[in-house]
Amino acid sequence: MRVFQIEGDWGMDHLRLSTRAEPHAGPGQVVVQMKASSLNYRDLVVPNRGYGSHTGQLPLIPVSDGVGVVTEVGPGVRRVAVGDRVCPTYFQRWISGEPDLERLTQSLGGPIDGTMADYMCLSEEGVSKVPAHLSDVEAATLPCAALTAWSALVTCSHTQPGDRVLIQGCGGVALFGVAFAKLLGAHVTVISSSDERIERVRHMGADAAINYRTTPEWAKATRDITGGRGYDLILELGGEKTLPQSLRCIRPGGTVAMIGILSGSAMATSLGLIITRQVRLQGVTVGHRDGFEAMLRTIDQHQLKPVVDRVFAFEELKEAMAYLQSGAQFGKVCLAH
Ligand SMILES: NC(=O)c1ccc[n+]([C@@H]2O[C@H](COP(=O)([O-])OP(=O)(O)OC[C@H]3O[C@@H](n4cnc5c(N)ncnc54)[C@H](OP(=O)(O)O)[C@@H]3O)[C@@H](O)[C@H]2O)c1
């Protein structure tokens, strides 16, 4: 079967189209014929061994997100049957409950082989059936970015109707965040570097938006949107350069969901604000299967469609990665197998 794998050494130059033997299902396992994949920021980091020893070992099949059809089930499999369309879950062993080291280290596309293969062999516990109204490419966008936004809004902070939510940028996690926050009845503010994206995200339902390029001190402008009260929840995607401002527009007792470090990973901020405003800094690492399946039911119930920007062919993985790196996309960058 065809695979993309990082082989020989780390680095984008060592990411190659290759072949491996087709897998077969053992007890409790399923074989999934992959139909589509989608890219996340982390997929650009993995080929360069950007997560150190947690990145995994070579050869490694990259990319965490995808969808496929079950073609074979091993003895004892009960959760799915041949013909079911499933997404592999991002964390293969985090089914529910609190995170622990074992649950948080078994992620697809590093250190475990990912979705850029014709077939994957997975535990039946590591796949979830996907809603019928989604195309393969749309379903492939869900395991990482969508679940991260869902976990921030629902699992980790219980967003209520009328809550004020601030979301940074118009990337993959952010756009799912806007869609879910609107479903939950929240008032949504987005900050973005682009007026064109702001217009598009307003069409998706964002209630307010600020261009952080033309308004670099966006903390005051966004706090004013809340009538001075501040945000109940901020999806913190920028990290180093954005957190100081987030701490100035979060409401006392509010939650900053720490998700991304797009502008740097150091913490250079006034720790006093965290104390005096009794702010909760909540790290979010994608989420568990229970959360994923609750999210899938919600997507089904509301017939929600993910935003797909562009679909590349399987063989065009490197072109798709370069496109993601360029930042030109609005919505998910996908691959049809
Ligand atoms: N913790 C987790 O479980 C988890 C899961 C998924 C992703 N992440 C992390 O979350 C971040 C976003 O991932 P993604 O896949 O959504 O990335 P993405 O699709 O590449 O999104 C990038 C977007 O973020 C916005 N952005 C960049 N720098 C910004 C800044 N300084 N301030 C505000 N917005 C900024 C930009 O939006 P505009 O063009 O609109 O300005 C950019 O288009 C990454 O750091 C990723 O590693 C974490």
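Mentor: The second largest pocket holds about 320 Å³ of space, and its lining is made up of 20 residues, of which Ile112, Asp113, Met120, Cys121 and Leu122 are the closest to its centre. Please keep in mind as you look that this is a predicted model. Strand 6 gives the most to the lining of this pocket, with 5 residues, and you can find that strand at positions 119-123. When the lining residues of the second largest pocket are sorted by class, there are 11 nonpolar, 5 polar and 4 charged.

The peptide bond that joins Gly110 to Pro111 is cis, with an omega of about 5°. There is another cis peptide bond to look at, between Leu58 and Pro59, where omega is about -5°. Pro59 sits in the loop that runs from helix 1 (42-45) to strand 4 (65-73), and Val63 is found in the loop between helix 1 and strand 4 as well.

Rolling a probe the size of a water molecule over the atoms shows where empty space is left. Searching the whole structure gives 1 cavity of 30 Å³ or more, and the space in the largest cavity is about 30 Å³. Its lining consists of Thr89, Tyr90, Phe91, Trp94, Leu147, Gly287, His288, Arg289 and Phe292, which divide into 5 nonpolar, 3 polar and 1 charged.

Finally, please turn to the ligand, which has 24 residues around it, the closest being Ser192, Ser193, Tyr212, Val284 and Val286. The shell around the ligand contains 11 nonpolar, 12 polar and 1 charged residues. Both domain 1 (2-144 + 287-336) and domain 2 (157-283) supply at least three residues to that shell, while helix 4 (142-155) and helix 5 (172-183) each contribute at least two. Looking at individual atoms, you will see that a nitrogen atom of the ligand lies 2.6 Å from a backbone N or O atom of Val284, and that a backbone N or O atom of Ile259 is 3.0 Å from a nitrogen atom of the ligand. With Arg197 the side chain takes part, as one of its N or O atoms is 2.9 Å from an oxygen atom of the ligand. Taken on its own, the ligand has 930 Å² of accessible area, and the protein covers 85% of it.

How values were computed:
Residues numbered from 1 in each chain as written. Predicted model: local features only at pLDDT ≥ 70, side-chain atom pairs only at ≥ 80, totals over all residues. Heavy atoms only, no water. 1 Å grid on protein atoms, 1.4 Å probe; cavity = no way out; pocket = protein on both sides within 12 Å on 5 of 7 lines; lining within 4 Å. Points joined across faces, edges and corners; volume = space filled by probe spheres on them. Nonpolar A, V, L, I, M, F, W, Y, C, P; charged D, E, K, R; others polar. Near = heavy atom within 4 Å. Polar contact = N/O pair within 3.5 Å; in protein donor to acceptor, adjacent residues only side chain to side chain. Areas by Shrake-Rupley, 256 points an atom, 1.4 Å probe, with all protein chains shown as cover. Helix = DSSP H or I, 4+ residues; strand = E, 2+ residues; numbered from the N terminus. Domains from an automatic or database assignment.
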